[in-house]
Amino acid sequence: MPRIEDLQLFIHAADRGGLSAAARELDMAPAAASAALKRLEGVLQARLFVRSTRSLRLTAEGERYLAYARQILQAVEEGAASVARDAQEVGGELNLSMPSDLGRNVLLPWLDAFQAQHPMVRFRIRISDRLADLYRQPVDIAIRYGEPEDSTMVALPLMPDNRRVLCASPAYLKRHGRPQALVDLQHHNCLRYVLGDTVHDRWIFHRNGSIETMTVQGDRICDDADLVRRWAVAGKGLAYKSALDIRADLKSGKLVALLPELDGEPAPLNLVCAHRLMLSPSVTALRTFLQESLKEPAN
């Protein structure tokens, strides 16, 4: 495959009628220019110029290849200009990954509002509680709870003080009573979901700087945390959910927070990407928009 700099030298030499003039224009040493031309001829297995001590003229093969070389160089320059524009503008396609409950019930309306402000942005969205592989899958950024396990990832905080909340519906509590202590969870139907490949059945709480845990049981497990929230609202059991996921349900009274003397497990919300070069103006604008939206109370 020809090098771009070799193509540039070939085109300039053809336009200027001499290798020395092309080398001066490209700020190359004469020996480097001669080596570039020989390298290109070696790749093509063709003689491009007839050279003498006084002149340089294209061969028939050189005449034919010159048009293709110009097209290649033009395409490369246009591609670079396009990338440069993308690096300056809020626009283009964003491939997003997000958790199921948060994505469907909180983020999607906000993404609609963001797109209304920035109509040049296009979204491709993956909604799943299984973590997207940002190196292997076509995902630009992920919106995730918790810090990334891979320390090479870039994590920008969206809601760093978010925590999980133990909750249930008023109907469930009327039938089964309200737990008064953490140990009482052993006697309740606890609705669990899968995080990664593991059932989230070890519920962690904080009290005055110490950690208290309870391994819970129940008759329902799902790999979609949105369904767990729906089960809780429907009165099927206790749930241990991100406060952000259920804040509208808490405000409306569909769910009730339990054991307020305990602090729930931290569940900071972050925007995660594989490299800082992924932080385009579109990503930066989206992060700012989401931070502002997260400050607003739930409807």
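Where do lysine 295 and glutamate 292 lie, and how many residues apart are they? Both belong to helix 9 (residues 281-295), where three residues, about one turn of the helix, separate them. Helices (H or I, at least four residues) and strands (E, at least two) are DSSP runs, numbered from the N terminus. The structure is a predicted model, in which local features need pLDDT of at least 70 and side-chain atom pairs count only at pLDDT 80 or more, while totals for chains, interfaces and linings use all residues. Residues are numbered from 1 along each chain as its sequence is written, and side-chain values use heavy atoms, with hydrogens and water left out.

The side chains of lysine 295 and glutamate 292 form a salt bridge with an N to O distance of 3.2 Å; the term denotes a side-chain nitrogen of Lys or Arg within 4 Å of a carboxyl oxygen of Asp or Glu. Lysine 295 is exposed, at 61% relative accessible area, and glutamate 292 is partly exposed, at 43%. These classes are set by relative accessible area (buried under 20%, exposed over 50%, partly exposed in between; 1.4 Å probe, protein chains only).

Across the whole structure, 15 salt bridges were found. One of the networks they build links Asp101, Arg104, Asp224, Asp226, Arg229, Arg230, Lys241, Asp245 and Asp249. Within it, aspartate 224 pairs with arginine 104 at 3.1 Å, N to O. Because aspartate 224 is in the loop between strand 12 (221-222) and helix 7 (225-233), whereas arginine 104 is in helix 5 (residues 100-117), this pair ties together parts 120 residues apart in sequence. Aspartate 224 is buried, with a relative accessible area of 19%, and arginine 104 is partly exposed, with a value of 34%.

Arginine 104 also meets the side chain of aspartate 226 in a salt bridge, at 3.5 Å, N to O. Here the pair ties together parts that are 122 residues apart in sequence, because arginine 104 lies in helix 5 and aspartate 226 in helix 7. Aspartate 226 is buried, with a relative accessibility of 5%.

A further aspartate, at position 6, is located in helix 1 (residues 4-16). Aspartate 6 is buried, at 2% relative accessibility. When neighbours within four places in sequence are left aside, aspartate 6 is in contact with Ala36, Arg39 and Leu40, contact being defined as heavy atoms within 4.5 Å.
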